[in-house]
Amino acid sequence: MAPRQSGHVLVIDLAKIPIHGMTLETEVEPALLQLPQDELVTRPICVQADLAKVTEQVYVQGRISGIVTVPCSRCLEMVDDRFVAAFQVAFLPLGMRGVDDEENRGDVSDDLDLYIHDGIRLDLLPLVRDQVVVSLPVQTLCRADCAGLCQVCGGNRNEQHCACQEASGDPRF
């Protein structure tokens, strides 16, 4: 497979990373990340990263932030929820000895996630996509005291108090 061309800001030519490192601050359109369909990220995602090159290895640390529109876990109303994730990763060359071998990993810290680069370009797109996916909220509430939906009629209890009688079952359950 041919290396991806520098078609977007998240692909960086390794030769252009200065000895003292570089900082990347950009916004990424959600369509570029190809996120799962059930996640509604409609606004650009902010990416801030510091890159440092040590021989063939590139260390990247930074953070991503953005806003996702998801249904409230209780009442199903759509809610904007902010997500933020800090990351610290290492990009290693494709054929680096020890990448797959735990004993020979050398100076790569156990705390770092590992990604591979082709020796020419560094593609941050998989890193950013992974960070967005793992930082999306698991349970979102429209407000802390959300009353949710009525289990009998399905009405939103935040909008109106319903007079439905919930079936009384065995109190042990």
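## Surface and overall fold

In this predicted model, the chain exposes about 11,100 Å², and carbon and sulfur atoms supply 50% of that area. Of the 173 residues in the chain, 37% are buried.

The chain contains two helices and seven strands, arranged along the sequence as β-β-α-β-β-β-β-β-α. Among contacts with a separation of 6 or more, 56% are between residues 24 or more positions apart.

## Surroundings of Thr26

Thr26 lies in strand β2 (residues 22–28). Its relative accessibility is 18%, so Thr26 counts as buried. Leaving aside residues up to four places away in sequence, Thr26 touches Val9, Leu10, Ile45, Cys46 and Val47.

## Salt bridges

The whole structure holds four salt bridges. One of them joins the side chains of Lys16 and Asp13 at 3.7 Å, N to O. Lys16 is exposed, with a relative accessible area of 62%, whereas Asp13 is partly exposed at 23% relative accessibility. Asp13 also meets the side chain of Arg121 in a salt bridge (3.7 Å, N to O). This pair links distant parts of the chain, with Arg121 in strand β7 (residues 121–123) and Asp13 in strand β1 (residues 11–13), 108 residues apart. Arg121 counts as buried, at 17% relative accessibility.

Another salt bridge pairs Asp80 with Arg43, their closest N and O atoms being 2.8 Å apart. Asp80 belongs to strand β5 (residues 78–93), and Arg43 to the loop between α1 (30–33) and β3 (45–54), 37 residues apart. Both residues are partly exposed, Asp80 at 42% relative accessibility and Arg43 with a relative accessible area of 36%. Through shared partners, salt bridges join Asp13, Lys16 and Arg121 into one network.

Technical notes
Residues numbered from 1 in each chain as written. Predicted model: local features only at pLDDT ≥ 70, side-chain atom pairs only at ≥ 80, totals over all residues. Heavy atoms only, no water. Helix = DSSP H or I, 4+ residues; strand = E, 2+ residues; numbered from the N terminus. Buried < 20%, exposed > 50% of the residue type's maximum accessible area, 1.4 Å probe, protein only. Contact = heavy atoms within 4.5 Å. Areas by Shrake-Rupley, 256 points an atom, 1.4 Å probe, with all protein chains shown as cover.
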